[in-house]
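Student: I've got a two-chain model open and I'd like to learn how to read it. Could you walk me through it?

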Amino acid sequence: MKPLLDIQNLHIAFDTSCGKLRVVNDISLVIEEGQIFGLVGESGCGKSVTSLAILQLIPKPGHITHGKILFRGDDLLAKSQREMQQVRGGKIAMIFQDPFTSLNPVFKVGRQLLDVIRQHHKIDKKEAKKRVLSTLDSVDLPDVERIFESYPHELSGGQQQRVMIAMALISEPSLIIADEPTTALDVTIQAQILRLLRQLCDERGISILLITHDLGVISEVCDKVTVLYAGAVVETASTDELLANPQHPYTQGLLAAIPQSAQKGQALQAIAGVVPANPGAITGCVFASRCPHVYDRCEHKPSLFTIGENHQSACFLQEEVTHG
Amino acid sequence: MDKQALVTVRGLVKHFPLPGGWLSGKRRIVQALDNINLDIVQGEVLGLVGESGCGKTTLGRCILQLIRPTEGSVQFDGDELTQLRGDTLRRKRAHMQIVFQNPLVSLSPRRTIQQSLTEPLSTHHMPREEWMPRIDALMQRVGLGIQHLDRYPHELSGGQLQRVSIARALLLEPKLLVLDEPTSALDVSVQAQIINLLDELRREIGLTYLFISHDLSVVEHLSDRIGVMYLGKLVEIGNTEQIMKQPSHPYTKALLQSVPRVGSRRMHEAPLLEGNVPSPINPPSGCRFHTRCPIAEAICQQSEPILEATGAAQWAACHLTIKETL
């Protein structure tokens, strides 16, 4: 069976006054049907721009320089803008970080949801409204008639994010891209939204690409994870495998830097140094400048080595272990 | 308490009247803080957690008198701060400093790092010949060099800027440092660097911190004691270990349960807190948590619980846990 989404060798660059800034370099990932796929990394690692690339929403002067994005075997990059409009919010929907800036403040919530339905389906008003109300109900919003008639500012942050999720669900997509969907929310609300996402995946078989900087969120809901660093994939594995058995020095560093994993009173394991400004210009391993295990081979670019079932890591150390 | 309290807060209330004139009838008021009592002991780190709008930032600012409280008293090092005005208050401020969440906003974009750092020294009339030695020493201590002094904020990374903010706060050798979400704008790997720095500084200089954050794991790592706030109320306070292992208040329990943790996978199960935080304009009667509390009873709607001991060094404001422990 073909995977739901197959990103192959994606490269993204921004043309700036200081030259070409290559922010995503050779990212490949595969999302299967009915799974929550986590994309984790620190700010500037290219996780958001990768997700925008899927729907061809990269802001200018950025553009995709190379690669393929196959959705059920269909190349999205070959589609025209008009064809993409049917894909966006249709088969693939998106939820952004801050629901308040994603909703239009001057229209009622119901009207905004109706717009989405009528963009994708030819159904009459009455039928459309019925569908909007049932979708609002399915994301556990109370008193849906009132919410339908509300403006975004009349709802709380959690309710707004539920409305965004309802908007994403309304045309029954196969894939939802959720870019930091809970970062702007409080923890108790975050837990509610994460649980809702998990339910959508389990009960309706919708795949979710969840972009986050928080490994705790990954652990709670994701089935599979890819760790990005400076525009490149450093490690991919099932969630349990990655957390129990991290192989790449960056993943190890990231996990060790989380306060909960350290003993109280002891210093946290920080990763020294900073993220490189233009990762595209680096000829060797992108993490070499901060890596505690750096050695002569790191001057070359490591490819992704398979180190187990569903586990790949881009580090020469792993190649030596697995291939002797 | 055996050690001396550096800060004593009693009956602190802060109301913000909302805009809207006499035409619209009754003036609406945001009850940001309601009857807060707490001590910050010399040399300790008191963590303050809670969700947005719970009043933790307002409390930090009311202690420093950056916001004047509506009622109540704040004693710092023997002085009643709420009574101080003008120059006397400004002189006191040398002993209590604050580090804000976003260093890119809290440092002037049009000044070099050095200009930003000399500002507090000149305001507090330090002799000019002491300026540079102090600045150099502190810059080194926070892990930066003199080469950074001529830079502008936009030329430094978020982690470096937060180091500058910490250096600026320490220039006048304060006793109390209020840290308002100092690592929330930073990535995990950089966050760890800043937390380590704060922990070292505190041990070396014997500083007292009020550490405000929504991130429980960071607070747990750094704090000796933790206070939990909900809708302008302090609902629980106690030793970090006790709060984390045996929370008394149902809100603390729910908060701890909601934090996503590496290695856990509970999104299939666990009954979580339902609903949203009510508005502080018209907070619920009785216990402010009763609208969301999983164990609420009739009494919770009628009377307001006060902080009572639930353990050796732990206090919670809940009718039902008190009953349980008696």
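This is a predicted model: local features need pLDDT of at least 70, side-chain atom pairs count only at pLDDT 80 or more; totals for chains, interfaces and linings use all residues.

Student: Let's start inside. Which residues touch the most other members of the largest nonpolar core?

Tutor: The general idea: in soluble globular proteins, nonpolar side chains tend to be buried together. A nonpolar core here is a set of buried Ala, Val, Leu, Ile, Met, Phe, Trp, Tyr and Cys residues joined through C-beta atoms within 7 Å. Buried means 20 or more other C-beta atoms within 10 Å of a residue's own, exposed means 12 or fewer, and partly exposed is in between, with C-beta atoms placed from the backbone. The largest core has 177 residues, and L209(A), Y229(A), L210(B) and F211(B) touch the most other members. Helix α8 (residues 187-204) of chain A gives the most to this core, with eight residues. Helices (H or I, at least four residues) and strands (E, at least two) are DSSP runs, numbered from the N terminus.

Student: What does L210(B) touch, leaving out residues up to four places away in sequence?

Tutor: Contact means C-beta atoms, placed from the backbone, within 7 Å. On that basis L210(B) touches I40(B), L46(B), L48(B), G60(B), I63(B), L176(B), V178(B) and L179(B).

Student: How many residues of each chain are in the contact between B and A?

Tutor: Chain B brings 31 residues, and they are in contact with 39 residues of chain A. On the chain B side, α7 (188-205), α8 (216-222) and α10 (250-258) each supply at least two residues. The largest share, seven residues, comes from α7(B). By class, the chain B side has 12 nonpolar, 12 polar and seven charged residues. The classes work like this: Ala, Val, Leu, Ile, Met, Phe, Trp, Tyr, Cys and Pro count as nonpolar, Asp, Glu, Lys and Arg as charged, and the others, Gly among them, as polar.

Student: And on chain A, what covers the buried residues of α11(A)?

Tutor: In helix α11 (residues 249-256) of chain A, the buried ones are P249(A), Y250(A), T251(A), G253(A) and L254(A). Their cover includes α9 (215-221), β9 (224-229), β10 (232-238) and α10 (239-244) of chain A, along with α7 of chain B.

Student: How should I read a helix pair?

Tutor: Two packed helices are described by the angle between their axes and the distance between the axes. Axes are lines fitted to C-alpha atoms, for helices over the stretch in contact, and angles run from 0 to 180 degrees between N-to-C directions. Take helix α6 (residues 158-170) of chain B with α7(B): their axes come within 10 Å and cross at roughly 20°. That makes α6(B) roughly parallel to α7(B); angles under 35 degrees count as roughly parallel, over 145 as roughly antiparallel, 65 to 115 as roughly perpendicular and the rest as oblique. The contact joins G158(B), G159(B), Q162(B), R163(B) and I166(B) of α6(B) to V190(B), Q193(B), I194(B) and L197(B) of α7(B).

Student: Now the backbone. What should I look for?

Tutor: Most residues other than glycine have a negative phi, and most peptide bonds are trans. Here a cis peptide bond joins K60(A) and P61(A), with omega about 5°. P61(A) sits in the loop between α1 (47-54) and β4 (62-71) of chain A. E180(A), not a glycine, has a positive phi of about 50°, and D77(B), not a glycine either, has one of about 55°.

Student: Buried or partly exposed: which is E180(A), and which is D77(B)?

Tutor: E180(A) counts as buried because it has 20 C-beta neighbours inside 10 Å. D77(B) has 16 other C-beta atoms within 10 Å, so D77(B) is partly exposed. E180(A) lies in the loop between β7 (175-179) and α8 of chain A, and D77(B) in the loop between β4 (71-76) and β5 (79-80) of chain B.

Conventions
Residues are numbered from 1 along each chain as its sequence is written. Chains are lettered from A and ligands numbered from 1 in the order in which they are written. Two residues are in contact if their C-beta atoms, placed from the backbone, lie within 7 Å.
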